[in-house]
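Hi,

Here is the structure I promised to send over. Have a look at it first, and then read on for what turned up.

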Amino acid sequence: MLIAVLSGFILAAFAPWLARSVGDKAGWMLSLLPAGLFVYFLGFIPAVIEDGALVIHYTWIPGLDISLNFLVDGLSLLFALLISGIGTFIIIYAGGYLHGHPHLPRFYAIMFGFMASMIGLVLSDNLITLFVFWELTSITSYLLIGFDHENKHARWCALQGLLVTVAGGLALLAGLVMIGLAAGSFELSEILADGDVLREYPLYTAMVLLVLAGCFTKSAQVPFHFWLPNAMAAPTPVSAFLHSATMVKAGVYLLARLNPGLGGTDLWLYGLGIVGALTMFTGSFMALRSTGIKAVLAYTTVMALGTLTMLIGIGTELAITAAMTFLLAHALYKASLFMLAGALDHETGTKDILEMGGLRRLMPITFVTACVAALSLAGLPPLFGFIAKELMFEASLQAPGIAFFATVLAVASAIMIVAMAAVFATRPFLGDLKKTPKHPHEAPLSMLIGPVTLAALGLLFGVAAFIPAAAIVGSSVAAVYGAPVEVELYLWHGINLPLMLSILAVVAGVVLYRQWDRVLAMFERMTFIDRFGPERGYEHVMRGLDWIAAWQTGVLQNGYLRNYLTTIVLSTVVVTGWTFFFRADGAISLEDETGFTFYELGVAALVVMGAVVASVTSSRLGAVATLGMVGFGIALIYVLFSAPDLGITQIMVETLTVILLVLVLYRLPDFLNLSNPVVRMRDAAVAVSLGGLMTVLILAVNGVTVNDPISDQLVAWSVPEAHGRNIVNVILVDFRALDTLGEIFVVGLAAAGVYAMIRFRAEDKQK
Amino acid sequence: MESVMAVVVGALFAASVYMMLRRSLVKLVIGLILLSNAANLLIFTVSGLTRGKPPLIPEGMDLPAGGWADPLPQALILTAIVIGFGVLAFAVVLIRRAYEVVGEDDLDKMRSTDL
């Protein structure tokens, strides 16, 4: 299993090289991997029907309790089969569609990376692993959408998709961590075994909202649906793959996956039900307004994602059955339609439906396949899409609480989708042949094998609905519902309300189709829809971010040392002070064990006075002199408190410092009063706040010993091991000799710098 | 003496920050000197003040007679004093050089030199 998941990543590394060396037929050859995976996953079907779920364990990071476990049940198997099966055709198709494209080898590499991430995502049992794969799909799909990277619009669309899904991903991560904390385990197989733990968790609402934020952005639910049509900037094989079976369905997958744990509450029902229904309606409405062949399909995908979300939200046995059936039907017809759209665009050179016409004689296979797939999209018998739509109506009618709302929106969407399916199947093919940028002829075999096979499967599953029901839909429904469910799918349900609604939808849809040109003309006048869409919101947010970034850079990186210093000092004082006084007890100890003598007090007073005078004097010489006073005072303190070596060093350094300052600074101009009294007072307040904090902190740690000093051992070693009697010197030249060597190096470097600058000056003067 | 030293260290920190907030380059250098002194004294104080017990071992013995002041902080401070002096020497010459090139002691008026 590990090899099955990782094989895509491995092949991604070699794919460019393979594609280059094999040439034209690389697509066919590379498709062997997903085909092999498909067969491998098929082999799991009997075991899943028998046992329900298999968990395959691999240890990954034992220290962090992250394992690489794979969960194979009906749901993950359904997705894995769709990804590998459709993936096979997509790779073949890409070989034809991008024939001769200079970046085709790179395309294969990213595509395999994406496919492997997606397979990993649906098979992960561990939430953290799942999240890693989730983000990998976002990143690889960014690369795929922006594949045409020299096109500015493509880059913009790719970035939009990435930002929306990754922002949601952050929320999702928080949600998943909460689930893990609530359940006490990050393994889905353990979490879902007892869903009540999650539902009774005090932060259940926040947890669900975070997870929904991740799923809704990924699966393009209202109001985040806008990125999906823009993702059509990608080459068509990408659109067919990402927007039929896979990436956008990752959100739906996770909702379905978590349904046994999080579902069954009002929040889940209304959140998913209402957002899903609105998305469904928005998708079909926007599809009706579009004339770009891929835009139409993108919006019908939004519709499908909304439908799935709504059905998972409703959560009854029937609704889950409908969701899984719809999922399979949609993947089959949508991948087929996308690939056909790509074939049309590839052969005619235009993406606008209105510019195509009369292609039935030139592209007969495409025409027939489009009709079959579109019938499935419209939900007409005997296609598999019909069964899915009937179930969807039935589930909406029985939905607890939102039955009326869901049904009305479902029927309205169905009407519009019937019209758009008819537009897709007839407009490019019927009527007179229109002049297109390229001379059209039938697409090559590599671009037809996928859509024909998938459309035929849609027909087969419709006529013989027991095959998918028994093989995979039944076990996937059980996985989502959380309990075994008897699933039987029939084409003919008898004369009942869902059938009536279907007939209504078809009749009204056909009427709408006949009036489509007038409807389009009407929509052209309704430009306000574009002005107030959520996409404008996205643009405002992005502009706002740019503005805040520019503003905060201007404020924080302003180029004034004193502003940086003030910020640093005040943050330190506030954060440390707040922690000390409000988080810790804020206790200080004024106890003085050592006591003090009058001469010690005198020295201390000298140091303080020196520091104060050095700060306020307007005479340079005075400042240097008082600075010397501070330095020598400190040397005295060292000597008084048992540190003779420090005292000697300090005296030497202080002498040199004073000489240096007198020699060099005396050539600089007199101190100028560059700031006014208000600024000086403000700076003094900042300075005193830090000084006060330091005083308080010293008093707080006074006499506190956390650990025994390690130097006792150094003292004990000093004579026997290092043969030295001055312990400080022994530490410097023996125990920490390397440190001292580094110090010598630093001082040497400084000396070299000083020498160089003085030399330059001398040379300047000679000129 | 710790409480007195706490005040001394606080005063040194305050004076150094105040000086570094000035616009004059020379005052910045004075601030740096005060800051390094303040930091050294801080370490010295919190590691414990001991009178008359330098970490020296008399001839013929293996340990200092009658206890000792912790030698490790002293070693660290000694390193810091020397490094501090190296930095200071470099900074002073650098400032002198900058003044010669720009002809200006005001930090605010030196902003364009990196263009």
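How close do the axes of α5(A) and helix α22 of chain A come, and at roughly what angle do they cross? Keep in mind that this is a predicted model. The two axes come within 6 Å, and the crossing is roughly 130°. Helix α22 covers residues 466-481. An angle like that makes α5(A) oblique to α22(A). On the α5(A) side, the contact involves G74(A), L75(A), L77(A), L78(A) and L81(A), and they meet I472(A), S475(A), S476(A), A479(A) and V480(A) of α22(A).

Helix α5 (residues 74-97) has another partner to look at, helix α6 (residues 104-123) of chain A. Here the axes come within 9 Å and cross at roughly 175°, so the pair is roughly antiparallel.

Most residues other than glycine have a negative phi, and most peptide bonds are trans. The loop between α11 (204-218) and α12 (227-230) of chain A holds P223(A), and a cis peptide bond joins V222(A) to P223(A), with omega at about 0°. A220(A) sits in the loop between α11 and α12 too, and its phi is positive, near 50°, although the residue is not a glycine. A220(A) counts as buried because its relative accessibility is 0%.

Another cis bond runs from P381(A) to P382(A), with omega near 5°. You'll find P382(A) in the loop between α18 (364-378) and α19 (384-397) of chain A.

H723(A) also has a positive phi, near 55°, and lies in the loop between α32 (711-722) and α33 (727-735) of chain A. Is H723(A) buried or exposed? Its relative accessibility is 68%, so H723(A) counts as exposed.

Last, the surface. W492(A), I495(A), L497(A), M500(A), I503(A), V507(A) and V511(A) make a nonpolar patch of about 740 Å². One of these, L497(A), belongs to helix α23 (residues 497-514) of chain A. With 49% relative accessibility, L497(A) counts as partly exposed, because the exposed class needs over 50%.

Cheers

How values were computed
Residues numbered from 1 in each chain as written. Chains lettered and ligands numbered in written order. Predicted model: local features only at pLDDT ≥ 70, side-chain atom pairs only at ≥ 80, totals over all residues. Heavy atoms only, no water. Patch = residues over 30% accessible without salt bridge, like charges linked within 9 Å, V, L, I, M, F, W, Y side chains within 5 Å. Areas by Shrake-Rupley, 256 points an atom, 1.4 Å probe, with all protein chains shown as cover. Salt bridge = Lys/Arg side-chain N within 4 Å of Asp/Glu carboxyl O. Helix = DSSP H or I, 4+ residues; strand = E, 2+ residues; numbered from the N terminus. Buried < 20%, exposed > 50% of the residue type's maximum accessible area, 1.4 Å probe, protein only. Axes fitted to C-alpha atoms, helices over the stretch in contact; angles between N-to-C directions. Parallel < 35°, antiparallel > 145°, perpendicular 65-115°, else oblique. Contact = heavy atoms within 4.5 Å.
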